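Visitor: Could you take me through this structure, one element at a time?

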Amino acid sequence: MNSMQGELIPATQANTNLGDYETARQSFQWDEVEQQFSWHRTGFINLAYEAIDRHVEEGRGDKTALIYSDAEREESYTFAELQSWSARFANVLRKHGITKGDRVFVFMPRSPELYISILGAIKAGAVVGPLFEAFMETAVKDRLEDSGASVLVTTPALLKRVKREELPELRAIFVVGATPEQAEAEGAGIYPFEQEVVSVSADNAIEWVELEDGLILHYTSGSTGKPKGVYHVHNAMIQHYFTGKMVLDLKEDDIYWCTADPGWVTGTSYGIFAPWLNGVCNLVLGGRFDPGAWYSAIEKYKVTVWYSAPTAFRMLMGAGEEAAGKYDLSSLRHVLSVGEPLNPEVVRWGLAVYKRRIHDTWWMTETGGQLICNYPSMAIKPGSMGKPLPGIEAAILDDQGNVLPPNRMGNLAIRTPWPSMMRTIWNNESKYAEYFRIPGWYVSGDSAYQDEDGYFWFQGRIDDVINSSGERIGPFEVESKLVEHPAVAEAGVIGKPDAVRGEIIKAFVALRDGYEPTEELKAEIARFVKEGLSAHAAPREIEFKDKLPKTRSGKIMRRVLKAWELHLPAGDLSTIED
Ligand code: WT7
């Protein structure tokens, strides 16, 4: 077992929202959390109302809700301003015939308009589909097609990646930053975003929904098949609100910064919903990762609560103590991490350099919200994901569904249900059912163990899903793209351990006859994936092989590729082709 198990970093903040963990667990009731929402009294439900309008109605309209900053723009919006802009966009959608349950996608870099679009779509009762700006043509088309999206909000530059002629269900595209003339020139169904939002009223914008009505569709990768649309409903707000308070420890005067893009679930659940449901000021920093820009944002905006990811912390560590020392980071009260295993040395470094504990949190796109966490009031064991949220039961199960005793590795599973649990996989009930193959449990696909003190320790993925810089990549999607390249006969893709990114994508490729295995060809193949899918799906390493290991049924054996890479025994080869 882990040699670090004994190390304990005690809590330093006595006064937190959660208080003593064990006491909170024992007295916990989800019903009591629900009482915090206005729909509990009025019966009128909509997450965007609770996140924005409610604060205005309760007298907090002048409070800053959003600070947006990048190299070109620096803007702030009060709750009242966000209320009005998002209402306007909701009315634009209405005008274009959008009704409850329609899918409205957003495909653009972070900007105030992105946040306004997401809130507006939710107000209109639509299901929002956020797409990461780095997605290329195929990735965009697959997601719009699978979801049957009828509206897209994008930018002039990204519009080029939308294959409109192949998406008959896509009725309207709103282009942020396009003049009416530019939009007109793009053809029918293309509208200038800014002009549209100023031409409608901000009144009567909210579509009241049911708790089980659709909220958001996040596409994520599995080990086989195309990305799956993880479908969440408004009821998830109960968990977003509660974890915002208990795990992020949000308080009225906090300046909160989540570094994730809304293209990923962290950027919505914790980059939009949790902070605003708690009425907290939310900082959004556009642009790419840059240690100086990041530290300077903490100093300038006096960030108090900071939620980021292990790869970012490792890169900051790489930038050194001097880089951190140039800035005043003393505003930071609470620092958290998610997405991949948080190395104990990173926790120790955070303690030495930021003088703060980095609190690891575990959850998934499918879980919609945090489930296993290190709470501010809890002693941290560096390398452990922490303990389950009050109201959540987590366990380690064997493949038959028996609960394993402490220190035994097995399937990390969560007792069903919880408020933010996904409600289906879009168009794919059978994929959904696979997560619940053990009655009464959600099986995460992660392996872990629990120690005697109740702390959970991540061990790995059970399938072949790759986690590179906290981004989940399905090997199948990359392999499918690779074999579209004229030189590639066969391809197998694995995650190769990497000190900074956790894992990098490595592709093993067998070439078609007549192609020379050159370095130029490697670069050209990597570029092909990057331009077809996205930068983060492109292999950082390619190795040519004469032949790839396959089962007799023709399936590439990634397990054998991984063993080659790590110089490990390949295990059971009884199903290999020859
Ligand atoms: C997978 C989910 C939900 C936020 C971002 C990732 C891995 C997530 C941790 C952690 C070790 C972690 C798991 C999980 N993961 N958090 N604290 N320690 N691994 O969401 O893209 O749905 O990926 O990320 O393998 O299954 P995601």
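This is a predicted model: local features need pLDDT of at least 70, side-chain atom pairs count only at pLDDT 80 or more; totals for chains, interfaces and linings use all residues.

Visitor: Which residues does UniProt list for the AMP-dependent synthetase/ligase domain?

Guide: The UniProt record, an unreviewed entry, places "domain: AMP-dependent synthetase/ligase" at residues 58-426. In the model, that span is 32% helix and 23% strand, and its end C-alpha atoms lie 37 Å apart.

Visitor: And which residues are given for the AMP-binding enzyme C-terminal domain?

Guide: UniProt, again in an unreviewed entry, lists residues 477-555 for that domain. Residues 477-555 are 25% helix and 32% strand, with end C-alpha atoms 14 Å apart.

Visitor: On to helices. Where does H4 bend?

Guide: Helix H4, residues 47-60, bends by about 45° at Asp53.

Visitor: How many residues of H4 are buried?

Guide: In H4, 10 of the 14 residues are buried, so the helix is largely enclosed by the rest of the structure. Asp53, the site of the bend, is one of the buried residues, which also include Leu47, Tyr49, Ile52, Arg54 and Val56.

Visitor: What covers them?

Guide: The cover over the buried residues of H4 includes helices H5 (79-95), H6 (112-123), H11 (237-246) and H12 (265-277), together with strand E8.

Visitor: Let us take H6 from that list. How many of its residues are buried?

Guide: H6 has 12 of its 12 residues buried. Among them are Pro112, Glu113, Tyr115, Leu119 and Lys123.

Visitor: What end-to-end span should H6 have?

Guide: At 1.5 Å a residue, the 12 residues of H6 should span 16 Å, and the end C-alpha atoms are 16 Å apart, which agrees. After H6 comes Gly125, which has a positive phi, near 85°.

Visitor: Now strands. E8 came up as part of the cover; which way does E8 run relative to E9, parallel or antiparallel?

Guide: Strand E8 (residues 214-220) and E9 run antiparallel, joined by 6 bridges. Gly214 stands opposite Val233 in E9.

Visitor: Which other pairing does E9 have?

Guide: E9 also pairs with strand E19, residues 424-425, in the antiparallel sense over 2 bridges. There, Val230 has Ile425 of E19 as its bridge partner.

Visitor: Are the faces of E9 covered or open?

Guide: Both faces are covered. In a regular strand, side chains alternate between the two faces of the sheet. On one side of E9, Lys228, Val230 and His232 are buried, and on the other Gly229, Tyr231 and Val233 are buried. This accounts for 6 of the 6 residues of E9, residues 228-233.

Technical notes
Residues are numbered from 1 along each chain as its sequence is written. A residue is buried if 20 or more other C-beta atoms lie within 10 Å of its own, exposed if 12 or fewer, and partly exposed in between; C-beta atoms are placed from the backbone. Helices (H or I, at least four residues) and strands (E, at least two) are DSSP runs, numbered from the N terminus. Two strands pair if DSSP finds at least two bridges between them. UniProt positions are given in the numbering used here, feature names are shortened, and annotations may be inferred rather than shown by experiment. The bend at a residue is the angle between axes fitted to the seven residues ending there and the seven starting there. Two residues are in contact if their C-beta atoms, placed from the backbone, lie within 7 Å. The expected span of a helix is 1.5 Å times one less than its number of residues.
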